[in-house]
Amino acid sequence: MLGAPLILAVALGYVGLLFAVAFWADRRAERGRSAIANPYVYALSLAVYCTAWTFYGSVGRAAAEGPAFLPTYLGPTLACALGFTVMRKMIRIGKAHRTTSIADFLSSRYGKSAALAAAVTCFALLGLIPYIALQLKAVADGFDILSHAPLIIMPRHLEAKPVLEDTSFHVAWLLALFAMLFGTRKLEATERHEGIVAAVAFESIVKLAAFVAVGLFTLAAFGGPAALFGRAAAEPRLQEILAAAHPRAEPLGWSLEMLLSFLAFLCLPRQFHVAVVENVSEEHLGKALWLFPLYLWAINLFVLPIAVAGSLQFPGGVDADTFGLTLPLALQREGLALVAFVGGMSAATAMVIVESVALATMIANDLLLPLWLRLPGRPLSLERDPRRGILVLRRACIVLVLASGYAYYRAIGQMHSLVALGQISFVAVAQFAPALLGGLFWKHATRRGALAGLIGGFAVWFYTLIVPSLVDAGLLGEAIVAHGPAGWGWLRPGHLMGLEGLNPIAHAFFWSLLVNLGLFTGLSLLGTPPAAERAQAELFVDAFAFPARPEAVPLWRGTARVRDLRLLLERFLGRERTEEALGEFARHHGLRPRPGRPADPALVTFAEGLLAGAVGSASARVMVASVVQEKPLRAEELLEILEENRAAISYSRELEKLAEELRAANRRLEELDRLKDEFIATVTHELRTPLAAVRSIAESLQAHPRMPEERRRSLTAVVVKESERLGRLVNQVLDFQRLESGKSLGQPLPLDLREVWREAAAAMRPMLEERGIRLALEEPETLPPVFGDRDRLLQVALNLLSNALKFCPDTGGRIDVRLERRGDEITGVVSDNGPGIPAEDREAVFEAFYQVRRRGPRGRLAGTGLGLAIVRRILEHHGGWIRAASGPEGGAAFHFGLPLRPPPPPPPALTP
Amino acid sequence: MEPNAGRNDRRWVVFLLGCLLLNPPMLSLFAQPAGILELPLLYVYLYLAWAGLTALIALVSRESPPDRGGGP
């Protein structure tokens, strides 16, 4: 037995938990360790989109109409596909202009128009109060159903409770308290409300987990999906929803609903709030754009199974909206029903919290403050502490929003299903879409067009959706719905112009959007906006072409004093925040504004931007105008400033690119310089070793004139050998140097590579025989000539052979050379059966003096260390290549190639 | 600008593809009583297409290398 006290305790406990989460996140934020600064929390906060409508209403819709519940979630998915085009721009602009709400955003775009801000606010309020009422109704219904368990009684059969005994009343005031506590801590509405975002993300997890739990339980209780749908297929009354009549019977309705949710997702004040105002970093968008659709997908996965199972379980008498609760109850799982109740509550409360904060900010900033500023005889300076006043105003607005939602629910909420109420709200907020999207991408969109479109669209919304519901409520006569006003049939609210074949929502959406778009585009095309509005249009549409900080584009001229601006800021932001902000300004602009001095236009723009973040752009405009003497800029001047800044930013981008190229070139030069130093150091070291040997022998000969003849001879032999090595080294260094500078190649002449190799083999023969090494030269019968310097190519062959010789084992050594033609080049392989080259060294062996670091097989320095480096240089100068690999018998193999055509003249090489 | 333009084009393609896949008349192909493992065909199709679209969005929504405002 659940019982009302237990359920109430769980409900209030859950809200208490929300307070704890929000409090924790705010504390973390104060300590500088934000809990919400990551794409996962951002994506979860976007999931505030899923309300009680999703949790309960979708099931109800699925049970009645099959897949018709899905377009509401497919639309936002498509919006995410375009997220980088639309949402990123909104975030960028929102941050640059310190936007506090969608009303503020639109007002700012259309020349900081107070009228537009007020219109958007009023319409949002009218459109969304029913939506908030819907959430409260869901909580109340859930409570009523659970408290009568194990009986299953529909709330509509119950008597309305007195307000104080109504759960949703207590939930409403608790949520108002929550929103006031965590949503109005600072005046600057652009300051993030970390506590609220964290709580909303937490609720998103709870509602998903709860819904999935109910879904899995349902599937298990009915023996798995196949068994469940098998039973459903045998039930004639479920045929319709399974065979999915909806998209076929009403294809237009399906697509219109998808478009509707696409637009609503972008325009809903709460979505704008979490997506733009609370966004921590633009970079979080990338991940959120697919995490959020994934969330929608997951939370919708079990809608149909629950709907079908509920329809099987209850042949009638139970609202399909309540299946999420009543199904577990009917199957004697009261605990699970309680979990579902908490899930539904989390969906409802998250929406109510964010929507009421967003709406309250709009009412205070975009409706009441501009009115108050216009009141005659209440000049700004009389108000002693406007900060407190505005915060109190905002809190009062939160109470107002929730109280209206609750009152609406008490008045007529019982008559509508969850989905119908939600969709009426969607059509209302979709009226913002033409002005929003047009404002983002169309420079010629004007304030007059936006305002007229909004009003026209809203009027149609009211006439087609609200008038019929007033008739249902008995407030209007039925004649208007049945026959049209004054009997004009073509004006029937449900069938304007006699349009048939659409459901009421799609019908209202179509006509309102048509009127809205027509007025918006028509008036925009006909009129020319004033200069200030055109400037804002440029800043919005080309948001990515301008600097992120608006004060970098100061669209202002006149005289202002720093002291006045500072006083204004201090009144609204407080002394501390003003100091901080002015310090920030000084850091970016390199000068500290002194009181008493005239303020430059950048500071005026900066101050207005700061104020806009607290009171909205329209009010900020008025406030700043009250302390400065402005000389209006002409349109051409404004556009000129904009053009200059646009040019400046593209110029600075060019400069940045150029600087990066220069830095790269410099790095390359430094690297070459380093290589050169290294080369010189190695060469000197290499020269000094034999020189030191020669010198010490000479000194010893000088010191011991009577040295035995045999000893003397052996020492002189060493001197000769070391001098020879010294001479060879000097020659090779010179060779190498010449090759590096690309000067040492003779005129390329056609030559037969086989002859070159035969000559090299003959020259090496004595040394090979001395060590008992067998050399096999394998060559094709015919080989086309290559073009090259014969002496240099002979040097290649000799160096490769003597390198192989060095690494052959003392007994049974063998070297294989194979030449062949492959396509348009001649390739060769020189392989030995020595120890081979480790894979990681195969490139390094071609570096000069590489083998200084590696000793030859017999523990002595095996050569000068330049042989292979010279080979590679010569081949590259001939347009060829060489690389080291592993030979057939584990030894080293050098593969090289030379083109048959003469190489192009070598580019001037950079000498080390 | 060029690589960004390419990325932006891909996003539009995904969006248009999604519009086509998730709307009639495409849906009417699947709106029939037949099913897979007793599951209604249309639902199976819708959830698969939805998941596929989400995967495509993930592919094209990778954060571009810090472009200095050269975006869409």
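## Stop one: chain B

Start by selecting chain B and showing its surface: the accessible area comes to about 3900 Å², and 71% of that belongs to carbon and sulfur atoms. Keep in mind as you go that this is a predicted model.

You'll find two helices and two strands, and if you trace them along the sequence, they come in the pattern α-β-β-α. Of the 72 residues in chain B, 43% are buried.

## Stop two: where the chains meet

Bring chain A back and select the contact between the two chains. Chain A puts in 45 residues and chain B puts in 35. Together they bury about 3600 Å², with 70% of it on carbon and sulfur atoms. On the chain A side, pick out L78(A), F84(A) and W297(A): these lose the most area to chain B, together 17% of what that side buries.

Polar contacts do turn up, though, in six residue pairs between the chains, both partners at pLDDT 80 or more.

Next, color the helices of chain A that touch chain B. Several supply at least two residues each, including α4 (71-81), α5 (87-96), α13 (251-267) and α30 (635-703). Which helix gives the largest share of that side? Select α15(A), which provides eight residues.

## Stop three: salt bridges

Over all chains, the salt bridges number 31. Let's visit a few.

First, zoom in on R410(A) and D166(A), whose side chains meet in a salt bridge at 3.2 Å, N to O. This pair links distant parts of the chain, 244 residues apart: R410(A) sits in helix α19 (residues 386-412), while D166(A) is in the loop between α7 (114-147) and α8 (167-183). Are the two partners buried or exposed? With a relative accessible area of 4%, D166(A) is buried, whereas R410(A), at 32%, is partly exposed.

Then jump to R667(A) and E660(A), another salt bridge, with the closest N and O atoms 3.5 Å apart. Here R667(A) is partly exposed at 48% relative accessible area, and E660(A) is partly exposed at 37%.

For the next pair, select E779(A) and R758(A), where the salt bridge is 2.6 Å, N to O. E779(A) lies in the loop between β4 (774-778) and β5 (786-788) and R758(A) in helix α32 (residues 753-770), so this pair ties together parts that are 21 residues apart in sequence. E779(A) is partly exposed, with a relative accessible area of 27%, and R758(A) is partly exposed as well, at 39%.

Methods. Residues numbered from 1 in each chain as written. Chains lettered and ligands numbered in written order. Heavy atoms only, no water. Contact = heavy atoms within 4.5 Å. Buried area = accessible area lost by both parts, 1.4 Å probe. Polar contact = N/O pair within 3.5 Å; in protein donor to acceptor, adjacent residues only side chain to side chain. Helix = DSSP H or I, 4+ residues; strand = E, 2+ residues; numbered from the N terminus. Salt bridge = Lys/Arg side-chain N within 4 Å of Asp/Glu carboxyl O. Buried < 20%, exposed > 50% of the residue type's maximum accessible area, 1.4 Å probe, protein only. Areas by Shrake-Rupley, 256 points an atom, 1.4 Å probe, with all protein chains shown as cover.
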